[in-house]
Amino acid sequence: MPLATPRRAGLVDQVIEQLRAAVTQGEWPIGERIPTETELVEQLGVGRNTVREAVRALAHTGILEVRQGDGTYVRATSEVSGAIRRLCGSELREVLQVRRTLEVEGARLAALGRTREEVAELWTLLARREAELRDGRWQDFARTDAEFHCAVVRAGHNRLLTELYRGLTEVIAASIATTSSIAPGADHAPEIGHEGLAQAIADRDPDRAAAEACGFLDELLERIERA
C-alpha cells in the first residue's frame, strides 16, 4: 500500500494511521526496519517534525521501536500486542501460561460457535502442517501451526479474545530463542498433534475441545520448564 500525502488538518493523526496500516496489513513485517525519516518525509509530503511525532506516538504504544543509531523497527502489529510485550517481556513461560488460559476458552467457544467452513479450514491447515513437518520445512510448519491456533480462537467469534490471542502469539514468536529445538511460532514440539482438538470442535464438544487444548499446552509448558 503506497503512502499518500495526507490532508493538512490533523496531519500527525493521519500519518499515524498510515504508518499503523502499513504494519497491520503486513507491508512492514514484525522485526523489519521501516523506511528512514527522510524517506517517510518524501513519501508522505510532510515535515520531519510531523513524521517524528507520529513515530514517537507509535513507539509509545509498542508498535514501533526506535533504536538510536540503527533506525526504527516494527515491534508489534497492534496496541494490544505491544502492551502485552511490554508487560511480559521475553518470559516465554509466563506468556504460555496466559496463552493456555485464552486458548482453552477459545477452543471451548469454537466448539460451540464454529461453522462448517471454519471446521474445513482447520482440517486444511492440519493437513498442510503435517506435510510441512514431513518435508522438514520448519519455517512453513511454524507459520501454519500458528495459523491453525489463530483459526481455532477465531472460530469462537469473540473479537476481543481473538485480538488478545493474536497479541500473545506475536510475543511467543519473539521469544523463541529459549532452546535451539524450538521453532518460531510453532508448538515448540512438532510431534504434538492437534487432530483431537480439531475433531472435538467439529463434534461440537466444548468440554473435550477445552481438554485437548489444555493438554497440549500443559505438555508444552513441561517441555519449556525442562529446557
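**A hairpin and the helix contacts**

A: Strands β1 and β2 form a hairpin with three residues between them, and G69 in the turn has a positive phi of about 80 degrees. β1 covers residues 64-67 and β2 covers residues 71-74; the two strands run antiparallel and are joined by four bridges. Two of the pairings can be named.

Now to the helices. Helix α3 spans residues 48-61, and it packs with helix α1, residues 11-24, at an angle of about 55 degrees with the axes 9 Å apart. Angles from 65 to 115 degrees count as roughly perpendicular and those under 35 as roughly parallel, and α1 and α3 are therefore oblique to each other. Their crossing is right-handed. On the α1 side the contact uses L11, V12, V15, I16, L19 and R20, which meet T50, E53, A54, V55, A57 and L58 in α3. Sorted by type, the residues of this contact are nine nonpolar, one polar and two charged.

Helix α6 (residues 116-135) and helix α7 (residues 138-154) pack at an angle of about 160 degrees, with their axes 9 Å apart. Angles over 145 degrees count as roughly antiparallel, so α6 and α7 are roughly antiparallel to each other. The crossing of α6 and α7 is left-handed. Residues in the contact include L122, L125, R128 and R129 of α6, along with W138, F141, F148 and R154 of α7. The residues of the α6 and α7 contact divide into nine nonpolar, one polar and nine charged.

Last comes confidence. The mean pLDDT of the protein chain is 84, and 84% of its residues reach 70 or more. Confidence is highest in helix α9 (residues 195-202), at a mean of 96, and lowest in helix α4 (residues 79-88), at 72. Over residues 175-188 the pLDDT is below 50, and this stretch has 31 contacts in the model beyond near neighbours in sequence. Where pLDDT is low, the predicted coordinates should not be read in detail.

How values were computed: Residues numbered from 1 in each chain as written. Predicted model: local features only at pLDDT ≥ 70, side-chain atom pairs only at ≥ 80, totals over all residues. Heavy atoms only, no water. Axes fitted to C-alpha atoms, helices over the stretch in contact; angles between N-to-C directions. Left-handed = near helix turned anticlockwise from the far one by under 90°. Contact = heavy atoms within 4.5 Å. Nonpolar A, V, L, I, M, F, W, Y, C, P; charged D, E, K, R; others polar. Pairing = 2+ DSSP bridges. pLDDT = per-residue confidence, 0-100.
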